[in-house]
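Okay, thanks for making time, everyone.

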Amino acid sequence: MKKMACLLTMLITVQSLMAQNNTSNDARMKWWREARFGMFIHWGVYAVPAGTYKGFPMARGGGEWIMNRSKIPVAEYQAYAKQFNPVKYNAEEWVKMAKDAGMKYIVITAKHHDGFALFNSKASKWDITDATPYGKDLLTPLVAACKKHGIKLGFYYSQAQDWNNPGGSVARKEMREGWPNPDSAKVDAYTKANNGHFDPAQMTQTFDQYIDNVAVPQVKELLTNYGEVAVLWWDTPTNMTDDAATKLQAQLKLQPNIITNDRLKRPNFQGDYKTPEQKIPNLSELDGRDWETCMTMNGTWGFKSYDHNWKSVSTMVRNLVDIASKGGNYLLNVGPTAEGEFPAESIQRLKGIGEWMKVNGEAIYGTKGNPLKPVQWGRITRKQNTLYLAVFEWPANGKLEVPGLKNKVKNISVLGTKNTLKSNTSGDNLVIDLSGKPTNDIATVIKVKVDGNL
C-alpha cells in the first residue's frame, strides 16, 4: 500500500508540474498568439554586394548567403564591412512602418550566418562597432523605438553556422550556386573534404571553441544588454551538438518570459513553436503545436539589388488571412539596403497591407483557426462567439454559404461599414444575403455573431 501511495503521489506531482508548465507556457505565448503578424528583418554586410560577386548575380539563394555560395574568402568578405555605413538608418521610421502595417512584433538578424553582429560584441571584433565606419550599435535605437511604440522585439541568432568567426560550422553548398568560377571542381573538392569550409581561416579553432568563445557569450550579451527580449529566433543547426545546444539554452534563464523557435537543434530542443519557411502548411500538416510561417516579400531575405519579383499586397494579405485561419503567425521579411533604408517596394507594400489591416485587423488579432469546414470563397477565423468570414471570391449570386454553423445567429455585419446583413439556413448551411458589392478587392470581411461559443 505504501508503494502504491508513493507512486500515486509521484504521479500527482508530475501532473501538477506538467499543468504548471502548460500554464507558464500559455502565459508566455499569450501575446504571440494574439499578435498573428510580425516583421522579419534580414540586415548585414551582405547588403553591400547585394547579390553580385565578380560581376555575376548569385545563381541561387538569398543575398545573405552570398559569402558561402560564391565562396568569398574571409579577408575579402570582411573588406565589405568598410562599405557598410548605414547613415540613413532610422530605427523609429522602421518601427512605425511595421506598426502602421499592423505588425505587432519585429525579429531582426542580430547575427546571421556570415557571423557579423549588428551589436557591440565583446566576444568578436567582427561586429558593427569594430569592423565598420558606422561604429555604432544598431540594436540599441531599435530597442528604444520598439519600446516607445509598443512593438515586441526579438533577435535572430545563427548559433551554429558562422563563416567568419573561426570554428563556426558551414553548410556545404556547391560552387555552381554562386558564380561560374573556373576552379569550381577544385573548390567543391575542398569543401567536401573540409565539412563545408572554403577558407583555411575558418578552421583555426574547433566548433566547441566557437561555441564557448563566441556563440554563448554573444547570446548572453543579447539577453543581458537590451532589456526585455521577446523572441530568440535560432537558425540552421548545422553540425550542432546536444552539448552546445544545452549551453546556449541555459542562457535563456536570463529572460524568463522569452519565446524560442524550433531551430536550436532538432529533435531534442523543440522550442515553443514551429517555423515553416516560404510556405503555408496544409491543414493535414498541422499537429496542434504553435507555428509561424516566415516569408519574403520578393525572392530574397537579404537585400539583392536586382530581385524585383515582388509579391502583391493582395497576395500577402491573403497569406496572412490564410495563416490566421489555421491558427498560425505570419513573419514577413524586409531586407534593408547597406545605407539603412527599406526598399521602396517594401515600403509601398507595407502601406498597402496597413490600409487593409486598419479596417479588418479585428479578423486577425487574437483569433483562432476556422472551426468549420474549409470554404472555397475565402477563409474563416474566430473569437469566442464570433466568426470572421474573409471573402476572397465574391459569389456571383450574392449568396454566401457557411457550412455547418449550427449556432443561432445574433448579428451579421461588414467590417468597416455600418451595414448589417440578413441570412437564412439551408440544410446545415448558413446562407448570408450579401446584397451588394465587395467593400474591398483583396478581402471583404463579414462579421457573424452567434449565441454560445464556437
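Let's jump in at helix 4: what covers its buried residues? The cover includes strand 1 (37-41), strand 4 and helix 6 (139-149). Before I go on, keep in mind that this is a predicted model.

So, the helix itself. Helix 4 spans residues 91-100, and its buried residues are Ala-91, Trp-94, Val-95 and Ala-98. Looking down the axis of helix 4, those buried residues sit within an arc of 95 degrees, so they line one face of the helix. Now the two ends. At the start of helix 4, Asn-90 puts a side-chain oxygen within 3.2 Å of the backbone nitrogen of Glu-92. Just after the helix comes Gly-102, with a positive phi of about 95 degrees.

Let me zoom in on strand 5. How many of its residues are buried? Of the 6 residues in strand 5 (residues 152-157), 5 are buried, so the strand is largely enclosed by the rest of the structure. On one hand, strand 5 runs parallel to strand 4 (residues 105-111), joined by 6 bridges, and there Tyr-105 has Lys-152 as its bridge partner. On the other, 4 bridges join strand 5, again parallel, to strand 6 (residues 231-234). Along that pairing, Phe-155 is partnered with Leu-232, and Tyr-157 stands opposite Trp-234.

There's antiparallel pairing elsewhere. Strand 14 (residues 422-426) and strand 15 pair that way over 5 bridges, and they make a hairpin with 2 residues between them. Gly-427, in the turn, has a positive phi of about 65 degrees. Strand 15 (residues 429-433) is also joined to strand 12 (residues 399-403), antiparallel, by 5 bridges.

Now for the charges. How many salt bridges does the structure hold? The count is 24. One of them is Arg-263 with Asp-235, at 2.8 Å, N to O. Arg-263 is in the loop between strand 7 and strand 8, while Asp-235 is in the loop between strand 6 and helix 9 (242-250), so the pair ties together parts that are 28 residues apart in sequence. Buried or exposed? Arg-263 counts as buried at 7% relative accessibility, and Asp-235 is buried too, at 8%.

Lys-71 is buried but has no salt bridge. Which side chain of opposite charge is nearest to Lys-71? That's Asp-188, 5.8 Å away, and a salt bridge needs the nitrogen within 4 Å of a carboxyl oxygen. What does lie by the Lys-71 side chain is the backbone oxygen of Lys-173, 2.7 Å from one of its polar atoms. Setting aside neighbours within four places in sequence, the contacts of Lys-71 include Ile-66, Glu-174, Met-175, Val-187 and Phe-198.

Last stop, Phe-269, which is in the loop between strand 7 (259-260) and strand 8 (292-295). Phe-269 is buried, with a relative accessible area of 10%. Again leaving out neighbours within four places in sequence, Phe-269 is in contact with Asp-242, Ala-245, Thr-246, Gln-249, Asp-262 and Leu-264. For a sense of the fold around there, Phe-269 and Ala-244 are 25 residues apart in sequence and 11 Å apart in space, C-alpha to C-alpha.

That's my tour; happy to take questions.

Methods:
Residues numbered from 1 in each chain as written. Predicted model: local features only at pLDDT ≥ 70, side-chain atom pairs only at ≥ 80, totals over all residues. Heavy atoms only, no water. Buried < 20%, exposed > 50% of the residue type's maximum accessible area, 1.4 Å probe, protein only. Pairing = 2+ DSSP bridges. Lys, Arg positive; Asp, Glu negative; His and termini not counted. Polar contact = N/O pair within 3.5 Å; in protein donor to acceptor, adjacent residues only side chain to side chain. Contact = heavy atoms within 4.5 Å. Arc of directions from axis to C-beta.
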